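Keep the structure open as you read.

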Amino acid sequence: MTSTERPFLNRRLAEFGTTIFAEMSALALSTGSINLGQGFPDTDGPEEVREAAVRALREGRGNQYPPGPGIPELRTAVAAHQQRRYGLSYDPGTEVLVTAGATEAIAAALLALVEPGDEVVAFEPYYDSYAACIAMAGGTRVPVTLRPHEGSFRLDLDELRAAVTDRTRLLLINTPHNPTGTVLTRAELTAIAELAVERDLLVVTDEVYEHLVFDDAEHVPLATFPGMRERTVTIGSAGKTFSFTGWKVGWVTSAPGLVTAVRSAKQYLTYVASGPFQYAVAEALALPESYFTAFRDDLLAKRDLLAAGLAEAGFRVFKPAGTYFITTDIRPLGESDGIAFCRALPERAGVVAIPNAVFYDHREAGAPFVRFAFCKQRAVLQEAVKRLKTLAG
């Protein structure tokens, strides 16, 4: 076999092709469908935050390489946010790292902390970058499946404990959870923390939806539990909280040794990114509590609008306790293959969704579930609901 006949993609990434988001977004464009697949808002965030970015550009702040760890203003703002909301104290100089969105933070953390052959336990269904980043680090992913229970998806703590072996290096936790909308309870987080301490595990927690928690659910950072601050890498992001997903501004907070390790990998990924936007996000994090409350209330109303419409269209709806997303079961519609259903849905109803099966190692466990995003304008959601109701005949 010649060099031009061999597969170019290395074996670790051979299972990963074009993402489902690219495929479904292309379908939305080609069919003129409403895109409730990819999780980005269709309106911009606060005007004062956008103007802060414009001001930084005009004043020449961030137009050249920003400092490798992130500008001091943003690192200070992140530390203040963690202290104000959760009572977590971090040194902006040694315990905060700015990244090119949460995706880079996840990649850098896994590349830095996972040795080839190490096992990484993660909850499935999981955001698609998790599997790819574990593979790039040479690790072995060990899924623990969140299963439907009384209208939501829940964690089986016994299954989690059984998944941890002598080869386990790290737990990869996501709460609020994408795609199911599950928010881990204090009792669940307590058990996870006790397991991590008992087995001396590192933990990476993806908390990008921390401000999008509904009803009586509560977001509690894992780093607040006994023994966890020194072993937990917490990941946050501005994109979901402030509706500027294209700015790609994320961050890591952790103990100095862990932040240094993650920075060692991060510097060879993007090195730095999003210079002017870092100044704007620093101002965004200092917005009054009324902003966060109004933003959450708006998303809650949109969740309820779409959830009611999906139920009327014949889906079984799992109402999320957090995030941008609603997971549905298509079996009441006489369907069982979510991938085939989503590929046909644009032609059938003029709406795009995402099949949850692509977020599972155990594809059969996710086969009947489909995810819809509700971070869109109300008129868009109302039109989508109108179109989807045609599925019910």
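## A covered strand

Let's begin with strand β8 (residues 202-206), which is mostly covered: five of its five residues are buried. Please bear in mind that this is a predicted model.

In a regular strand the side chains alternate between the two faces of the sheet. In β8 both faces are covered, with Leu202, Val204 and Asp206 buried on one side and Val203 and Thr205 buried on the other.

## The strands beside it

Strand β7 (residues 168-174) pairs with β8 in the parallel sense over five bridges, and Leu170 has Leu202 as its bridge partner in β8. Together with helix α7 (residues 186-198), β7 and β8 make a right-handed β-α-β unit.

β8 also runs parallel to strand β9 (residues 232-237), joined to it by four bridges. Here Thr205 has Thr234 in β9 as its bridge partner.

## Charged pairs

The structure holds 26 salt bridges. One of them joins the side chains of Glu104 and Lys266 (3.1 Å, N to O). Glu104 sits in helix α4 (residues 101-113) and Lys266 in helix α9 (residues 256-266), 162 residues apart, so this pair links distant parts of the chain. Glu104 is buried at 7% relative accessible area, and Lys266 is buried at 1%.

Within helix α11 (residues 289-312), Lys302 and Asp298 lie four residues apart, about one turn of the helix. They form a salt bridge whose closest N and O atoms are 3.1 Å apart. Lys302 is buried, with a relative accessible area of 10%, whereas Asp298 is partly exposed at 26%.

How values were computed. Residues numbered from 1 in each chain as written. Predicted model: local features only at pLDDT ≥ 70, side-chain atom pairs only at ≥ 80, totals over all residues. Heavy atoms only, no water. Buried < 20%, exposed > 50% of the residue type's maximum accessible area, 1.4 Å probe, protein only. Helix = DSSP H or I, 4+ residues; strand = E, 2+ residues; numbered from the N terminus. Pairing = 2+ DSSP bridges. Right-handed = clockwise from strand over helix to strand, strands pointing away. Salt bridge = Lys/Arg side-chain N within 4 Å of Asp/Glu carboxyl O.
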